[in-house]
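This briefing is intended for a reader who is meeting the structure for the first time. Please keep the sequence and the model at hand while reading.

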Amino acid sequence: VILRSPYVGLSLIKHSQYKQMVGRAGRAGIDSSGESFLIVNRQDAIKVKEMLSGPQDVCHSSLGFEDGKGVKALLLSAIGLKMVTSTEDAYDLMRRSLLHIQCKTSGVDTRVLTDQAVSYLVDKGLITHTQSLSSSGGFKLTVSPIGRATFKGSLDHTFSGQLYEDLKASESSLNLSTYLHLLYLVTPYDTALDVTPSWDIYFKKFCSLSETEAKVANAVGVPEHYLGLKAAGRSSRKKVCQLKVNRFYLTLMLWDLWKQQTVWQVAEVFSQTRGFVQNLLSQAATFAFCVLHYCQELEEFWAYQVLLERFVKRLAYCVTFELVPLMDVPGVKLARAKQLYAAGYRSISLLAAADEAQLVSCVDHMTRRTAAQIVSAAKNILEEKRAALTEEIESLTAQDMTSDL
């Protein structure tokens, strides 16, 4: 392993980072040793020597932070996977954790923390507990349907109840005349907790909404008069949920991105950094997939399963639906997908059948090598789909023959 610099960005590499990188020298189980070289400028030599001779970075368990949030997430997943089926199993799991090993120095009682986590999960309706009939006593723990949806969807248990309430409330008032309502439902909660809206910008964007879009704002609990008062520097007597107001503010940023505005344009309009807007889009796309998997585990949300399936993919790419199939081809980003679509290659099958030379002549700035890679990738996708369909047909045929017999 050769490290050409002792820096990660502008920061000097840490001891743990160095050990992690050079640990790739040699192959475990094959080589008895490995070699690593660190290239250092003369002025950095002393600092690097201090780093190498210094102590290892101290590692602390993350389970105990944020009032035991990690313990709750761990237990919910373990109960959902049936690795833990009783309170005794939960205690045993925690005794095997790094948190328990460090309890003497941290002053944390893992048994108390486990009891608190179980009580929390029961109170939130994520797990159920019944008196165990075994000789060891304790309680039998099982995951509830909402709890299963939470851990299967990789959802933060802190917001699981809020998400359920929002989805349930929107069932009877979901506005399908615009994608704005669905965008609101997949706007991440944790980002909304940290954002501080610019009320002038917020009110101006609200006033630019169409009548249908304004109805969405009212449906989710963001009234126009409240924003008007805040923009004027006045307080409102009417109680409004600040989390909903903040979420819709972020939704308006996502709405502009959805309408094909660039990250730079949205950042300028909302007076935010480009990094903030880019992270918001990434977090919303991730949260949207979590919401989809959450709904797939709850039969009562069957309608959301249908609505979100294509929606989340488009949000991840933030493109029009026509470009989504092309974006599935490795190496094809938004700009390239638009070029291919404009050149007449509007499906993967057309792309797979394309002549490389013609593709180069039709698409600006495309090299022969890139064209060959794109055509090959499109052919691979079609071949995988063909193999999957063939396997499905053979399976159905075998079932039919079995039924006839």
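The notes below cover confidence, nonpolar cores, a pocket and several individual residues.

The structure is a predicted model, in which local features need pLDDT of at least 70, side-chain atom pairs count only at pLDDT 80 or more, and totals for chains, interfaces and linings use all residues. Residues are numbered from 1 along each chain as its sequence is written, and side-chain values use heavy atoms, with hydrogens and water left out.

**Confidence**

- The chain has a mean pLDDT of 88, and 96% of its residues reach 70 or more; pLDDT is the predictor's confidence in each residue, from 0 to 100.
- Helices (H or I, at least four residues) and strands (E, at least two) are DSSP runs, numbered from the N terminus.
- Where pLDDT is low, the predicted coordinates should not be read in detail.

**Nonpolar cores**

- A nonpolar core is a set of buried Ala, Val, Leu, Ile, Met, Phe, Trp, Tyr and Cys residues joined through side-chain atoms within 4.5 Å.
- Buried means under 20% relative accessible area, exposed over 50%, and partly exposed in between (1.4 Å probe, protein chains only).
- The largest nonpolar core has 60 residues, and those with the most contacts inside it are Tyr202, Phe248, Leu308, Phe311 and Leu315.
- A second, separate core of 21 residues has Val332, Ala352, Leu359 and Met366 among its members.
- Not counting residues up to four places away in sequence, Phe248 touches Leu180, Tyr184, Tyr202, Phe206, Leu209, Val216, Ala217, Val220 and Val222; contact means heavy atoms within 4.5 Å.

**The second largest pocket**

- About 160 Å³ of space lies in this pocket, where a volume is the space filled by probe spheres set on grid points that are joined across faces, edges and corners.
- On a 1 Å grid over the protein atoms alone, a pocket is an open set of points where a 1.4 Å probe fits, with protein on both sides within 12 Å along at least five of seven lines; lining residues have an atom within 4 Å of a point.
- The lining of the second largest pocket consists of Ser154, Leu155, Asp156, Phe159, Pro188, Tyr189, Asp190, Gln283, Thr286, Phe287 and Cys290.
- Two or more lining residues come from each of α11 (189-194) and α17 (274-296), and α17 gives the largest share, four residues.
- By class, six lining residues are nonpolar, three polar and two charged; Ala, Val, Leu, Ile, Met, Phe, Trp, Tyr, Cys and Pro count as nonpolar, Asp, Glu, Lys and Arg as charged, and the others, Gly among them, as polar.
- Asp156, one of the lining residues, is found in the loop between α8 (145-152) and α9 (160-170) and is partly exposed, with a relative accessible area of 24%.

**Threonine 87**

- Thr87 lies in helix α4 (residues 87-95) and counts as buried because its relative accessibility is 10%.
- Leaving aside neighbours within four places in sequence, Thr87 is in contact with Gly138, Phe139 and Leu141.
- Thr87 and Gly138 are 51 residues apart in sequence, and their C-alpha atoms are 5.8 Å apart in space.

**Positive phi values**

- Most residues other than glycine have a negative phi, and most peptide bonds are trans.
- Asp67 has a positive phi, near 60 degrees; Asp67 lies in helix α3 (residues 65-80) and counts as exposed at 60% relative accessibility.
- His365 also has a positive phi, of about 60 degrees; His365 lies in the loop between α22 (356-362) and α23 (368-404) and counts as exposed at 76% relative accessibility.
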